[in-house]
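I opened this model to look up its charge pairs, its surface and its fold. My entries follow in the order I made them.

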Amino acid sequence: DSAVICQRDGVLKFMFRVGDARQTTIIRPCIEAYLYTFNPSRRRTTLEGEFIPNRVSRLELEVVDQSLLLPVLLSHVIDEKSPLFGMTKA
């Protein structure tokens, strides 16, 4: 229910935790994260002339542990390739 943006080993990252401590183990989970944005001023126009004000971007994730025995910390590097790059507080 919370996430942070901070420096980790000198790299700016978006980090969040998934999974609680559990009695069973999930081996090699498939975890994906997406950024949904709505910004009419940065809308995209299709070749057919349709205006699309929202965007969906996949976030590349780093996973420390491939099992979900304990809570897992996931991180996304915010660099020039990240959809979060250049965003500020609004």
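**Entry 1: the E62 and K13 pair**

My cut-off for a salt bridge is a side-chain nitrogen of Lys or Arg within 4 Å of a carboxyl oxygen of Asp or Glu. E62 lies in strand β7 and K13 in strand β2, so the pair ties together parts that are 49 residues apart in sequence. Strands here are DSSP runs of E, at least two residues, and helices are runs of H or I, at least four residues; both are numbered from the N terminus.

I must note that this is a predicted model: local features need pLDDT of at least 70, side-chain atom pairs count only at pLDDT 80 or more, and totals for chains, interfaces and linings use all residues. Residues are numbered from 1 along each chain as its sequence is written, and side-chain values use heavy atoms, with hydrogens and water left out.

Is K13 buried or exposed? I find K13 buried, with a relative accessible area of 11%. E62 is partly exposed, at 36% relative accessibility. Buried means under 20% relative accessible area, exposed means over 50%, and partly exposed is in between (1.4 Å probe, protein chains only).

I also logged the K13 and E62 side chains as a polar contact of 3.0 Å. That term covers a pair of N or O atoms within 3.5 Å; within protein, one must be able to donate a hydrogen and the other to accept it, and residues adjacent in sequence count only if both atoms are side-chain atoms.

What else does K13 touch? I left aside its neighbours within four places in sequence. K13 is then in contact with V4, I5, C6, R8, E62, S75, H76, V77 and I78. Contact means heavy atoms within 4.5 Å. K13 has its place in strand β2, which runs over residues 11-18.

**Entry 2: the remaining salt bridges**

I count 3 salt bridges in the structure. One of them joins the side chains of E32 and R58, at 3.9 Å from N to O. E32 lies in the loop between β2 and β3 and R58 in strand β6, so this pair ties together parts that are 26 residues apart in sequence. E32 counts as partly exposed at 42% relative accessibility. R58 is partly exposed too, at 41%.

E60 forms a salt bridge with R58, and the closest N and O atoms are 3.0 Å apart. Salt bridges that share partners join E32, R58 and E60 into one network. E60 is exposed, with a relative accessible area of 53%.

**Entry 3: the nonpolar patch**

Which residues make the nonpolar surface patch? I find Y34, Y36 and V56, with about 350 Å² between them. Patches take residues with over 30% relative accessible area and no salt bridge; like charges are joined within 9 Å, and nonpolar side chains (Val, Leu, Ile, Met, Phe, Trp, Tyr) within 5 Å. Areas come from the Shrake-Rupley method with a 1.4 Å probe; for residues, only the protein chains shown count as cover.

Y36 sits in strand β3, residues 33-38. Y36 is exposed, at 60% relative accessible area. V56 lies in strand β6, residues 54-59. V56 is partly exposed, at 49%. Not counting residues up to four places away in sequence, V56 touches Y34, L35 and Y36.

F38 is exposed, with a relative accessible area of 60%. Beyond four places in sequence, F38 touches P53 and N54.

**Entry 4: the whole chain**

I find 0 helices and 8 strands. Buried residues make up 20% of the 90 residues. Residues 24 or more positions apart account for 54% of the contacts with a separation of 6 or more. The accessible surface comes to about 7,300 Å², and 52% of that belongs to carbon and sulfur atoms.

The mean pLDDT, the predictor's confidence in each residue from 0 to 100, is 82 for the protein, and 79% of its residues reach 70 or more. Confidence is lowest in strand β7 (residues 62-63), at a mean of 81, and highest in strand β1 (residues 3-8), at 92. Where pLDDT is low, the predicted coordinates should not be read in detail.
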